[in-house]
Amino acid sequence: MCSCPHCTRLSGGPFMGWVGFHRTAFTWTGPGTPASFRSRPTLERWFCPVCGTPLGAAGDREDYLGICLSALDNCVEIIPIGHSFRDKTPAWLPPIPSTQPAP
């Protein structure tokens, strides 16, 4: 989960959910092809060209893609493992527990 100002603007909510996929293990399916834009010189973001829903992002030289949970047909079994920029969320949002083992 990410609550940075950029992700909250794109999601329209207090956070955006992401899941990582290795570039070679992910394929876009469904009708059409995602549109894209560069939000930074080396970061490409994808969105639905029909409705504008954010779909994902990746750095030019990254091995992994960040895919928005909202882009997946079924994400009920995906459990968050962390929350970036937690200090930027509203006080009423309960903490998202980490599933990572304590160090």
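G59 counts as buried, because its relative accessibility is 14% and buried means under 20% relative accessible area, with exposed over 50% and partly exposed in between (1.4 Å probe, protein chains only). This is a predicted model, in which local features need pLDDT of at least 70 and side-chain atom pairs count only at pLDDT 80 or more, while totals for chains, interfaces and linings use all residues. Residues are numbered from 1 along each chain as its sequence is written, and side-chain values use heavy atoms, with hydrogens and water left out.

Let's stay with G59 for a moment. G59 sits in strand β4, residues 54-59. Helices (H or I, at least four residues) and strands (E, at least two) are DSSP runs, numbered from the N terminus. Once neighbours within four places in sequence are set aside, G59 is in contact with R23, T42 and L43; contact means heavy atoms within 4.5 Å.

**The overall fold**

What elements make up the protein, and in which pattern do they come? There are 1 helix and 5 strands, and along the sequence they follow α-β-β-β-β-β. The C-alpha atoms fill a box of roughly 40 × 30 × 25 Å along the principal axes. The radius of gyration, taken over C-alpha atoms, is compared with a globule rule of 2.2 Å times the number of residues to the power 0.38. For 103 residues a compact globule would have a value near 13 Å, and the protein agrees with this at 14 Å. Of the 103 residues, 27% count as buried. Among contacts with a separation of 6 or more, 41% come from residues 24 or more positions apart.

S11 belongs to helix α1, residues 5-11, and is partly exposed at 31% relative accessibility. The C-alpha atoms of S11 and S39 lie 14 Å apart, although 28 residues separate the two along the chain.

**The aromatic cluster**

A pair of aromatic rings is described by the distance of the centres and the angle of the planes. Rings of Phe, Tyr and Trp (its six-membered ring) pair if their centres lie within 6.5 Å; planes under 30 degrees apart count as stacked, over 60 as edge-to-face and the rest as tilted. The count comes to 4 aromatic pairs. Two of them are shown here.

| Pair | Centre to centre | Angle between planes | Type |
|---|---|---|---|
| F26 and W28 | 5.1 Å | 90° | edge-to-face |
| W28 and W46 | 5.8 Å | 70° | edge-to-face |

Why does the W28 and W46 pair tie together parts that are 18 residues apart in sequence? The reason is that W28 lies in the loop between β1 (18-22) and β2 (35-40), whereas W46 is in strand β3 (residues 43-47). Ring pairs link F21, F26, W28 and W46 into a cluster.

Beyond its neighbours within four places in sequence, F21 is in contact with F26, D63, Y64, L65, I67 and L72. The C-alpha atoms of F21 and I67 are 7.4 Å apart, with the two residues 46 apart along the chain.

**The largest pocket**

W28 turns up again here. The largest pocket has a volume of about 400 Å³, and 19 residues line it, with W28, T29, G30, L55 and A71 the closest to its centre. On a 1 Å grid over the protein atoms alone, a pocket is an open set of points where a 1.4 Å probe fits, with protein on both sides within 12 Å along at least five of seven lines, and lining residues have an atom within 4 Å of a point. Grid points are joined across faces, edges and corners, and the volume is the space filled by probe spheres set on the points. The lining divides into 11 nonpolar, 7 polar and 1 charged. Ala, Val, Leu, Ile, Met, Phe, Trp, Tyr, Cys and Pro count as nonpolar, Asp, Glu, Lys and Arg as charged, and the others, Gly among them, as polar.

**A positive phi**

Most residues other than glycine have a negative phi. F85 has a positive phi, near 60°. F85 lies in the segment after β5 (64-68) and is partly exposed, with a relative accessible area of 44%.
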